[in-house]
Amino acid sequence: MRRSAKYARCTMPADRTRGHNKKKRKPAANKNALAKRSKPPTAKKSIKEPRRPAAKKSARARAAATRRPAVAKDLPKSGRSGANTGKAIVPAPVDEQRVLLRVNKEEHELLVPAHRTLAEVLRDDLHLTGTKESCSEGACGTCTVLIDGLPVRSCLLLAIEAEGKEITTIEGLAEGGKLHPIQEAFVEHFAIQCGFCTPGMILTAKALLDTNPQPTEKEIRDAISGNVCRCTGYAKIVEAIQAASGTPGSR
Amino acid sequence: MHFPRFQLFSPATIEDALSLMSTYGDTLKVLAGGTELAGRMKQRLVSPPYVLTLKRIKGITGIERKREGLVLGATTTLTEIAASQLVKDLFPVVSAAAGEVAAPAIRNVGTIGGNLLQENRCLFYNQSELPRKGLGTCLKLGGKECNAVRGMKRCASVYQGDLAPVLIAVGAKALLKRAGSRRSVPVRELFTGEGKRPLNIAPDELLTEILLPVSSGTSAAAYKRLGLRGSIDYPLASAAVFLAVGANDVVADARVVLGAAGAGPKIVKQASDLITGRRAQDVDESVAQKAASFASKEMEAVDNVILPPTYRRSLAAALARRALDEALRKVREVHHAG
């Protein structure tokens, strides 16, 4: 089996560049300067700095990283084809983009590669590790966050696509150290064992109760049907959600 | 699992999207809700250099009643379709089917277009790189033999979309656009019936809307599906039945369409022929059972989607029977009410 030199050094897959693949790393110094200059007045958190040390990148390496494969015919020039061809300007592709993400009512300005998911950015760049990643293909629900109040699989959403939306993670529920009523109910009713499904479950429950304050048991079970729990057998989770909605569960 | 690297296009208009698609051809893949392509990209089944997201384009979403019928924008989410009163009133079977796909969080971003144009599936194909390395390259990935049925030269991958059988049963049409032209085809013609390349759609074509034709007479339809669990899972067998009833209670048109029954949705013509022309009240136990057995015969199944083929064939019959019974019941309700 052919092995590239990269594998000899580390076991990270080549396309995951968390500081292991020096060629593709963006210089960190530039990133902070860019971000600080255009920081919006309402942002409360400082720009998240990457943990990896700044790396110099040769002009050739930079060009290689953004060079498109020469397979497409009649490639339009980036953003300025209107000047030459008379066609309307068609947006250029990006391999990374500066985006403003609004998470739990706070704004974060980040330089995000196109292929990074919201789950990865929340966990790795914003250090909001309440959102979990398990199956990574949308089947388990541990990565569930709320986008404009709707439960969504953050492992399937490109971080760039989350710009302009109201993102709520589990960290956004408690206020001033006081747990949200749904969180309280989960604790009171022993609806948490290992805790891995819990953030996704609670956010899904919140989305349900925000639109349907007095759900039936069937409606609760339908709402959480996309959140897998391997520990509890769901009974206590359903009870907790019923309790949080003010409807006492049947025993 | 991580996405492979790619360059992202986020056009704001359909025209821009079509222009990009015609320029970049098959080096570009279209991302709608991201619930289907994402999984395949993460497993390295496909690693397009360019991805085009439809999320900024407004003209291809939404539900509208037009003269020709009910028009569903291709990027309308399944949640919107399931909740729409307009769809519930005119095509309750479409609303019901949309509400049964996967799970709520998937439906919140998954689109009807994406669900319709999903890639075929197979336990041996939908794996990440490491298990596939051990199996060897299968037909679908350009190899010489199927991995699900060793030595077979025909791809056994299964089309497991929920909406397709329903849309075909109600006679829906798909509008496909490319730069400079468009074509409207019945949804059934979108499928090649062949596992390696299941869809009749070119890399530079974009599905923009689906038209559900509203007829004046009495009609009823039903969709029954079964997955391994009550939620999340793809259907392992499914059946959509549509009945149009004319004067004197005679069935003018009957359509039985199976899902998860082979490389594409399967139209059970023998069941249609059996029922069409009879009076709805004459479709009794023996006729219904015969129709269901035709469904079982039409179902193609090999051991590549978790449940054994024999069981799935029985499922096809049982689900076709239940869908038929429900459609007949709805027809009788309308007649008694009217």
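Colleague: Leaving aside neighbours within four places in sequence, which residues is Thr198(A) in contact with?
Modeller: This is a predicted model. Contact here requires heavy atoms within 4.5 Å. With neighbours within four places in sequence left out, the partners of Thr198(A) are Phe186(A) and Ile192(A).

Colleague: In which helix of chain A is the place of Thr198(A)?
Modeller: The helix in question covers residues 198-211 of chain A. Thr198(A) belongs to that run, helix α7.

Colleague: Is Thr198(A) buried or exposed?
Modeller: The relative accessible area of Thr198(A) is 7%. Buried means under 20%, so Thr198(A) counts as buried.

Colleague: Turning to chain B, what radius of gyration does chain B have, against that of a compact globule?
Modeller: Chain B has 338 residues, and for that number a compact globule would have a radius of gyration near 20 Å. The value for chain B agrees with this, because it is 20 Å.

Colleague: What share of the residues of chain B count as buried?
Modeller: The cut-off is a relative accessible area under 20%. Of the 338 residues in chain B, the share that count as buried is 58%.

Colleague: How much of the accessible surface of chain B belongs to carbon and sulfur atoms?
Modeller: The accessible surface of chain B is about 13,600 Å² in total. Carbon and sulfur atoms hold a share of 51%.

Colleague: How far apart are the mean positions of the positive and negative charges of chain B?
Modeller: Chain B carries 46 positive and 31 negative charges. The distance between their mean positions is 5 Å.

Technical notes. Residues numbered from 1 in each chain as written. Chains lettered and ligands numbered in written order. Predicted model: local features only at pLDDT ≥ 70, side-chain atom pairs only at ≥ 80, totals over all residues. Heavy atoms only, no water. Rg over C-alpha atoms; globule rule 2.2 N^0.38 Å. Buried < 20%, exposed > 50% of the residue type's maximum accessible area, 1.4 Å probe, protein only. Areas by Shrake-Rupley, 256 points an atom, 1.4 Å probe, with all protein chains shown as cover. Lys, Arg positive; Asp, Glu negative; His and termini not counted. Charge placed at Lys NZ, Arg CZ, Asp CG, Glu CD. Helix = DSSP H or I, 4+ residues; strand = E, 2+ residues; numbered from the N terminus.
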